[in-house]
Amino acid sequence: MSLAALPALLARDLRLAVRHGGESLMPLFFLFAVLILVPLGVGPGPNLLASIAPGMVWVAALLASLLALENLFRPDFEDGTLEQWWLGHLPVTGLVLIRLLSHWLITGLPVIIFAPLAAQMLYLPDQALGVLLLSLLIGTPILSLVGGLAAALTLGTNRGSVLLSILVFPLVVPVLIFATGAVSAAADGFSPRAHLGLLAALLVLALTLVPLAISAALRLNIE
Amino acid sequence: MIWKTIKVGFHRLGSPASFYRFSTLVSPWLWAGFALCTAIGIYYALYVVPPDYQQSDSFRILYVHVPSAWQAMAGYVVMSILAAIALIWRIRMTEIMAMMCAPIGAAFTAICLATGSIWGRPMWGTWWEWDARLTSMLVLLFIYLGIMGLYAAFDDRRKGARVACILILVGLVNIPIIHFSVEWWTTLHQGKTIRIFGESSMHYSMMPPLIWMTIAVKLMFGAALLDRSRNELLTQDRRKGWVQKKLKSQGVS
């Protein structure tokens, strides 16, 4: 059994994203749109902004990750590529993981790269910046996994997008709590380790179980 | 011999016509039991149990709050078992029953949140607090609503039910979080005061109405589940032979 097709799938997904250009960067623009609206909405006082910065960056990252979910499986579902996943000899959970990895590289990684800029816009204390990046590094893959599950579940419906965000939101509440808990603790000078540890535990749990649920959901939808 | 009868009976319930007969027979008894237990429970709760030494009479809302909270969680567990059976053995009746658990469970969660809020206003001085128990219960409500929304979004009912069953099993992770939330985080909601094993920190004189109301709520869940499943079954099968025959025998055409 050759696993050479897995990197090929990753390369294809990334090539498609690059060729779509601006469309792939929409989540990032959206993230900054939210972050610009926040100081204008709640007032530009540095103390207030610094205290809500961890939560705001994370909420914006969460909303941005929702944007690209609609097209995670749908084009492949509509042109029949998805059925080939089951006809081929590759493990479907592996293909699912590759697809999620490309989703994370396109939506999660840019957020992490531009997070220092976002943190500066909201006056996040400097000592919390490292923890913010670490929490995004551990947390955004969970957003991709949970979002991928919601995308797979709503694949067979016509009005997916609203339902999708409703399904994602209760499942990512723990991620948001622990991630912002870690950053707030670091900003206040406490150790963020407990929160980061729990966040990493969530990542391990999601990484082991969610691909199975996604492939089961995809299978039901192409039946 | 008895085991075999039970097994055959269980398998027979998977057939829509048998389920229809069984549920029409059983659900009125469950409703009657619910009415009786509620009457006894409410009488005890309002007239027999002494007032609390700190909360005086306002603690009596506990007899609605706690049973519905338990049922909101127990209903989810029942729904998950039905969902697992539906996904593994593909029994259509359990798919329908799992889907019909969701609105009832959502209603109990909403009752729990509403009564908790009303109780919290005089006791904690706030309608709502972002406490671990309250937040995880709110998440449960949205998981229930998500399941209902996902099921409703599909044109093919069976496919919708099966996809929603996966969501049910994923959402199961929230149940232990709710249960242990008062132990893992020390926020506002009080810890466990009622234990099945070992001594409860609630006084025994306050227990009887709680037991009656808990039984009542369980019976009501069962009765509502059977009635809802029967109605859903009739709607889905309205063009099938057995429903037409049933309607004809009742003089409706």
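**View 1. Chain A is built from nine helices and zero strands.** The model shown is predicted. Along the sequence, chain A reads α-α-α-α-α-α-α-α-α. Its radius of gyration is 18 Å, close to the 17 Å that the globule rule gives for 223 residues, so chain A is as compact as a globular protein of that length.

**View 2. Burial and contacts within chain A.** Of the 223 residues in this chain, 43% count as buried. Take the contacts in chain A between residues at least 6 apart in sequence: 81% of them join residues at least 24 apart.

**View 3. Ser184(A) sits in helix α8 of chain A.** This helix covers residues 160-187. In sequence, Ser184(A) and Ala50(A) are 134 residues apart. In space, their C-alpha atoms are 9.7 Å apart.

**View 4. Chain B meets chain A.** The contact draws 17 residues from chain A and 14 residues from chain B. On the chain B side, two elements give two or more residues each: α5 (132-153) and α6 (157-171). Which of them supplies the largest share? That is α5(B), with seven residues. By class, the side of chain B that touches chain A holds 10 nonpolar residues, two polar residues and two charged residues.

**View 5. Helices α3 and α4 of chain B pack against each other.** Helix α3(B) spans residues 62-89, and helix α4(B) spans residues 92-124. Two packed helices are described by the angle between their axes and the distance between the axes. Here the angle is about 160° and the axes are 8 Å apart. Angles over 145 degrees count as roughly antiparallel, so α3(B) is roughly antiparallel to α4(B). The crossing of α3(B) past α4(B) is left-handed. Which residue classes make up the contact of α3(B) with α4(B)? There are 19 nonpolar residues, nine polar residues and one charged residue.

How values were computed. Residues numbered from 1 in each chain as written. Chains lettered and ligands numbered in written order. Predicted model: local features only at pLDDT ≥ 70, side-chain atom pairs only at ≥ 80, totals over all residues. Contact = placed C-beta atoms within 7 Å. Helix = DSSP H or I, 4+ residues; strand = E, 2+ residues; numbered from the N terminus. Nonpolar A, V, L, I, M, F, W, Y, C, P; charged D, E, K, R; others polar. Axes fitted to C-alpha atoms, helices over the stretch in contact; angles between N-to-C directions. Parallel < 35°, antiparallel > 145°, perpendicular 65-115°, else oblique. Left-handed = near helix turned anticlockwise from the far one by under 90°. Rg over C-alpha atoms; globule rule 2.2 N^0.38 Å. Buried ≥ 20, exposed ≤ 12 C-beta atoms within 10 Å, placed from the backbone.
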